[in-house]
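Student: I would like to take a close look at one part of this model, namely its aromatic rings. Could you please describe them in a connected way?

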Amino acid sequence: MMRLILLLTLTLALGCNAENGALQVSGTVKYADGKPVTGESATVVFQPISDGKPASATINPDGSFEAMTKKPGDGMQPGEYKVILN
């Protein structure tokens, strides 16, 4: 798995949800050769480095994703995260 992480690029688009300060995080996960990371149950997980709630997203067939904490559209809190691909 570590090799997979080293061979991909992760691009993100951030927006802000003014109600609770959550960020709308979306992006595309690609291998170094530009092909999207895909899989029947491919996910990206954002694990907080310190305090906070983890967020996750299903990776779509084109490599795109939109992160959520509890439900679609709720985004994730600002902070420092470890990114894990499953």
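Tutor: F46 is buried, as is F65; buried means under 20% relative accessible area, exposed over 50%, and partly exposed in between, with a 1.4 Å probe and protein chains only. This is a predicted model, in which local features need pLDDT of at least 70 and side-chain atom pairs count only at pLDDT 80 or more, while totals for chains, interfaces and linings use all residues. Residues are numbered from 1 along each chain as its sequence is written, and side-chain values use heavy atoms, leaving out hydrogens and water.

A search of the whole structure finds 2 aromatic pairs. Rings of Phe, Tyr and Trp (its six-membered ring) pair if their centres lie within 6.5 Å; planes under 30 degrees apart count as stacked, over 60 as edge-to-face and the rest as tilted. The ring centres of F46 and F65 are 6.0 Å apart and their planes stand at 40°, so this pair is tilted. It links distant parts of the chain, with F46 in strand β3 and F65 in strand β5 (residues 64-66), 19 residues apart. Strands are DSSP runs (E, at least two residues), numbered from the N terminus.

F46 also pairs with Y81, edge-to-face, at 6.4 Å centre to centre and 90° between the planes. Y81 is buried, like F46.

Notes: Helix = DSSP H or I, 4+ residues; strand = E, 2+ residues; numbered from the N terminus.
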